[in-house]
Amino acid sequence: MGAYHAMLVHFPLALWTTAALVIAIRAVSDGTFARAADRVLAPLLLLGAFMGLAAYVVGLLVWPFEAMTSSPLGRNHLLLGTWTLAYWALLWVTRARLGEAVWDGVNRWIMLGLAALGAGLLTITGTLGGHLVGNPTAVSQVLRALGWEVYRTFYLPTFVLVLLVVAAIGFVALGWWGRAERAVPGGEASAASRAAARSPERTGRKVAA
């Protein structure tokens, strides 16, 4: 069964890495190639989430939860694997719900930062998995230089947990505020006006037609 997990994890690795490259290209370019690549971004993220979930479930079948949590390295891998799967799944939700708006203004740089963070999580998760099967990589040396020994349980200081909770509450509040703003009468019209202003050439073609 271990071989099945090792095989399956390569699918989300490849899909999410490709998605990160697509995001990087689209963030810095509005060209034809970048727009064409962006059209496959949401499917890449979704397929990666499905394959990641499959690899996650098979991993739990190979190594029972009790066995994983009895080892610091196993706990680290389980923790990072959970974070990585949830993170990329939420990135798919963001792209699917917001559509092209994720590339408007500063949003594109936020997407680039999110992709970089996701790629980092993916790299660390794969590194920990390599350690579990006896194939360590040089990434663990980088983590050790940064102060994290992968053979010891990873933990977050209390102040970091507090910051995460505050940030989560702030993001939820921003989401509700944005929804309330769109619900204001005339909000949809003003949004349409802003969209038209961003693409005058498209509007011109429609008028000419």
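The dialogue below goes from the whole chain to single residues.

Mentor: Keep in mind that this is a predicted model. Start with the secondary structure.

Trainee: How many helices and strands does the chain have?

Mentor: The secondary structure comes to 11 helices and 0 strands. Read from the N terminus, the elements run α-α-α-α-α-α-α-α-α-α-α.

Trainee: What share of the residues counts as buried?

Mentor: Of the 209 residues, 29% count as buried. The chain exposes about 12900 Å², and carbon and sulfur atoms supply 72% of that area. Contacts tell you about the fold as well: among those between residues at least 6 apart in sequence, 72% join residues at least 24 apart.

Trainee: Which residues does the UniProt annotation "transmembrane region" cover?

Mentor: The UniProt entry, which is unreviewed, gives residues 6–28, 40–65, 77–98, 110–134 and 154–177. An annotation can be set beside the model. Over residues 77–98 the chain is 100% helix and 0% strand, with end C-alpha atoms 31 Å apart. Over residues 110–134 the figures are 92% helix and 0% strand, and the end C-alpha atoms are 36 Å apart.

Trainee: What span should helix α7 have, and what does the model give?

Mentor: Count 1.5 Å a residue: the 26 residues of α7 (residues 107–132) should span 38 Å. After α7 comes Gly134, with a positive phi near 85 degrees.

Trainee: Next, single residues. Is Asn76 buried or exposed?

Mentor: A residue counts as buried under 20% relative accessible area. Asn76 has 0% relative accessibility, so Asn76 counts as buried. Asn76 lies in helix α6 (residues 72–98). Apart from neighbours within four places in sequence, Asn76 is in contact with Leu128, Trp148, Val150, Arg152, Thr153 and Phe154.

Trainee: And Val28, buried or exposed?

Mentor: Exposed means over 50%. Val28 counts as exposed because its relative accessibility is 57%. Val28 lies in helix α2 (residues 10–28). Together with Val106, Trp109 and Ile110, Val28 forms a nonpolar patch on the surface, with about 420 Å² of accessible area in total.

Trainee: Why can charged side chains pair?

Mentor: Side chains of opposite charge can pair when their charged atoms come close. In this model the count comes to 6 salt bridges. One of them joins Asp30 and Arg26, at 2.6 Å from N to O. Arg26 is buried at 2% relative accessibility, whereas Asp30 is partly exposed at 44%.

Trainee: What is the distance in the salt bridge between Arg108 and Asp30?

Mentor: The closest N and O atoms of Arg108 and Asp30 are 2.9 Å apart. Arg108 lies in helix α7 and Asp30 in the loop between α2 and α3, so the pair ties together parts that are 78 residues apart in sequence. Arg108 is buried, with 12% relative accessible area.

Trainee: Which residues are linked in a network of salt bridges?

Mentor: The network links Arg26, Asp30, Asp38, Arg95, Glu100 and Arg108. Elsewhere, Glu149 and Arg144 meet in a salt bridge at 2.6 Å, N to O. Arg144 is partly exposed, with a relative accessible area of 32%.

Note on methods
Residues numbered from 1 in each chain as written. Predicted model: local features only at pLDDT ≥ 70, side-chain atom pairs only at ≥ 80, totals over all residues. Heavy atoms only, no water. Patch = residues over 30% accessible without salt bridge, like charges linked within 9 Å, V, L, I, M, F, W, Y side chains within 5 Å. Areas by Shrake-Rupley, 256 points an atom, 1.4 Å probe, with all protein chains shown as cover. Salt bridge = Lys/Arg side-chain N within 4 Å of Asp/Glu carboxyl O. Helix = DSSP H or I, 4+ residues; strand = E, 2+ residues; numbered from the N terminus. Buried < 20%, exposed > 50% of the residue type's maximum accessible area, 1.4 Å probe, protein only. UniProt positions renumbered as here; feature names shortened; annotations may be inferred. Expected span 1.5 Å × (residues − 1). Contact = heavy atoms within 4.5 Å.
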